[in-house]
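Have a go at each task before you read its solution.

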Amino acid sequence: MSCVSNLALDRLLVDELALPERARIERHLAACSTCRERKGAFVVEARALAPLLAAEAARAAASHRSPRRSVWAVSVVAGLAAAMCLVMVERQASDTTRVKGSAALEAVVLRGDGSQISVLPGDTLHAGERVQFRVPGASTYTLVALDENGAVSRYPTAGSIELDSAIGAERVIAVLCDRPDIDVLAAARAALHAAGGDPRRVERLGVPCPEATIWFEQRPR
Amino acid sequence: MALDRLALEELYRRYGASVLRRARALLRDEAAARDAMHDVFLKAWRAGDSFRRDASPMTWLYHITTNHCLNQLRDQQRRDELLREQHACADEAASSDDRIVVAQVLASLPEELRAIAVYYFIDQMSHDEIASIVGLSRRTIGNRVDELRRRFGGERERCEAIA
């Protein structure tokens, strides 16, 4: 396979690719150091630009006030949500009432100096880093982590966790409901097994609740 | 109003780096690139319900950014030509400034080839990817890429003037 395009790398990084295409590109990345470096450069670039982009977003919000703005916001975000494979889900209010909306699982690295770095899908994190996961707007959810070594565990929904020394891909999934009858850990183990042990290939746990997810690579310092 | 701000932040956070990278590569001017990013997200915002839900947002934004920047370059080229006619900036026009080189190379192409040149030479997209982004058949893209390669001497690497 020839080297992957910028578009393909960008779509990979926002987790927008269907599973077969993602697997094809990841196979290429595993074999091609040039493309791996390009992908790494994109991640570094996105992280470095985060403050500037936040400022530009604030500038845009301030300069485009309009009565229709709320409608645009909802429809654009809904459009994006419909197309994003990974972090957007349909939210069900109850078994009988369905309310369409979206929920995103966000992850941030908490740095010693008090600053935070947003984690993008596929980012590389390091042992010892403190990471906080959150689903804005959701009050009740369960966090479960699946890693490439076969470990499945719950993460706290309050506070942060410190990454251990495990190496490899890890996926964190938020299950957005409070159903004690659902065994989230068992569902996660089954999903990981079905994905051949590769957490990147796990898109959903398949439980009867909305889900949101993000994955990252963990490396030693 | 908090929802608006959050929605915009999400657009910028998720797609801003990609859009800004494309704008910088084409416009070669930081202020112009940031303005382009601003305009592109405004277009995404305004697209609302007509936003193609079945397409990838990233692909959609690539397309919008490319067209927006090509229009900017075309307008800049026209302004440069006007200024040259008036002998007002002959020195600047003759310089090898990156932005002018990109604008001149792209301006040498017919309108229908410009975006394809960007996708092929700068992004190194496959024919399939270009076909999906511009909405033409793979065969048509193949023909147009052949034409581009003839124009630039047949080698992708020889088009570094654009990239």
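**Exercise 1.** Find what share of the contacts in chain B between residues at least 6 apart in sequence join residues at least 24 apart.

*Solution.* Start with the pairs of residues in chain B that are at least 6 apart in sequence and in contact, with heavy atoms within 4.5 Å. Of these contacts, 65% link residues at least 24 apart. Next, look at the elements behind this picture: in this predicted model, chain B has 8 helices and 0 strands.

**Exercise 2.** Work out which residues touch the most other members of the largest nonpolar core, and which element gives the largest share.

*Solution.* First, the core holds 56 residues, and B:Y12, B:F41, B:L61, B:L106 and B:L148 touch the most other members. Second, the elements that give two or more residues include α3 (33–63) of chain A and α1 (2–27) of chain B. Third, α1(B) supplies the largest share, 10 residues. Finally, zoom in on B:L148: beyond its neighbours within four places in sequence, B:L148 contacts B:L109, B:L113, B:I116, B:A117 and B:F121.

**Exercise 3.** Decide where in chain B to read the model with care, using pLDDT below 50 as your guide.

*Solution.* Then look at residues 87–97 of chain B, where pLDDT is below 50 and the model has 8 contacts beyond near neighbours in sequence. Residues 154–163 of chain B also stay under 50, with 22 contacts beyond four places in sequence. Where pLDDT is low, predicted coordinates should not be read in detail.

Notes
Residues numbered from 1 in each chain as written. Chains lettered and ligands numbered in written order. Predicted model: local features only at pLDDT ≥ 70, side-chain atom pairs only at ≥ 80, totals over all residues. Heavy atoms only, no water. Helix = DSSP H or I, 4+ residues; strand = E, 2+ residues; numbered from the N terminus. pLDDT = per-residue confidence, 0-100. Core = buried A, V, L, I, M, F, W, Y, C linked by side-chain atoms within 4.5 Å. Buried < 20%, exposed > 50% of the residue type's maximum accessible area, 1.4 Å probe, protein only.
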